[in-house]
Structure formats: C-alpha cells, structure tokens
Amino acid sequence: KISLILLAPTVTLIFYFILKYLGTANLLVSTLSVTTSFIAAYLTYFRSSFYAIGYSINDIVLIVLWVLAAFKDISSAPMILCFIAFLANDLYGFYNWEKLKKAQKTNN
C-alpha cells in the first residue's frame, strides 16, 4: 500500500505538466481538481467514508472552475448547478455512510 502522502503530490506534479502542455485554462484550479479527485478515488479504493468529503472538496473546486468559465462564456453556467447537485449528493453520502456505520456499531 503506497501512501497517499507520497502519491498525491506525485500525481499532482505529473498532471500539472500534462495540463500545462495541453494549454488548459485556469491551470492551477484544474490541477487542484486533479489532486482532489485523486485523493477521493484513493479514499474510495480503501473504503473510507471520507471519500465523500474528498469528492465534496473536488465539487467545490469544480464549481469555482465553472464559475470562472461562465465569466468568459455564459453557456457554461448550467455546469455550476450540476456540480452544486453533485456536492449535495456527496455530502449526503458522507452523512448517510456515517449514520449507517454508527447503526452497525450499535447492532454489534
């Protein structure tokens, strides 16, 4: 099992240069999105309830990214609502996972 502390910065650095090479708009925010997605996926793989917090943070980063895009092109605005819905879903997922975990502990 490779540590998240080692993997996340490595993935971030690699994708920073990939995104820079591709001419990605809002490079730093886009790179942050890759990092938060990677952390969330890592936590999902190891079945941590905090995966949902990772995805929630990523949703916030993506909301910021789409707000920045909407300033340039208003047709990007619906994506803001999409990621607000994802954020609500991820927060509910965390709440529900913790609630079920607590119920299982009481039943055991």
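Thr-36 sits in helix H2, where helices (H or I, at least four residues) are DSSP runs numbered from the N terminus. The model is a predicted one, in which local features need pLDDT of at least 70 and side-chain atom pairs count only at pLDDT 80 or more, while totals for chains, interfaces and linings use all residues. Residues are numbered from 1 along each chain as its sequence is written, and side-chain values use heavy atoms, with hydrogens and water left out.

With a relative accessibility of 10%, Thr-36 counts as buried, a term that means under 20% relative accessible area, whereas exposed means over 50% and partly exposed lies in between (1.4 Å probe, protein chains only). Not counting residues up to four places away in sequence, Thr-36 touches Gly-54, Ile-57, Asn-58 and Val-61, contact being defined as heavy atoms within 4.5 Å. The side chains of Thr-36 and Asn-58 are also joined by a polar contact of 2.6 Å. A polar contact is a pair of N or O atoms within 3.5 Å; within protein, one must be able to donate a hydrogen and the other to accept it, and residues adjacent in sequence count only if both atoms are side-chain atoms.

Helix H2 itself covers residues 27–45, and its 19 residues should span 27 Å at 1.5 Å a residue, which agrees with the 27 Å between its end C-alpha atoms; the expected span is 1.5 Å times one less than the number of residues. Besides Thr-36, the buried residues of H2 include Leu-27, Ser-30, Thr-31, Ala-40 and Leu-43, and what covers the buried residues of H2 includes helix H1 (4–21) and H3.

Turning to H1, a side-chain oxygen of Ser-3 reaches to within 3.1 Å of the backbone nitrogen of Ile-5 at the start of this helix. The buried residues of H1 are Ala-8, Val-11 and Leu-19; they cover an arc of only 70 degrees around the axis, which puts them on the same side of H1, the arc being that of the directions from the helix axis to the C-beta atoms. On the other side of H1, Leu-6, Leu-13 and Tyr-21 are exposed.

Most residues other than glycine have a negative phi.

H3 has 22 residues and reaches 32 Å from its first C-alpha to its last, close to the 32 Å expected at 1.5 Å a residue. What covers its buried residues includes H2 and H4. The largest nonpolar core consists of seven residues, namely Leu-62, Ile-63, Leu-65, Ala-70, Ile-80, Phe-83 and Leu-87, where a nonpolar core is a set of buried Ala, Val, Leu, Ile, Met, Phe, Trp, Tyr and Cys residues joined through side-chain atoms within 4.5 Å. The elements giving two or more residues to this core are helix H3 (51–72) and helix H4 (77–107), and H3 gives the most, with four residues. Apart from this core lies another, of five residues, among them Leu-43, Tyr-51, Ala-52 and Phe-94.
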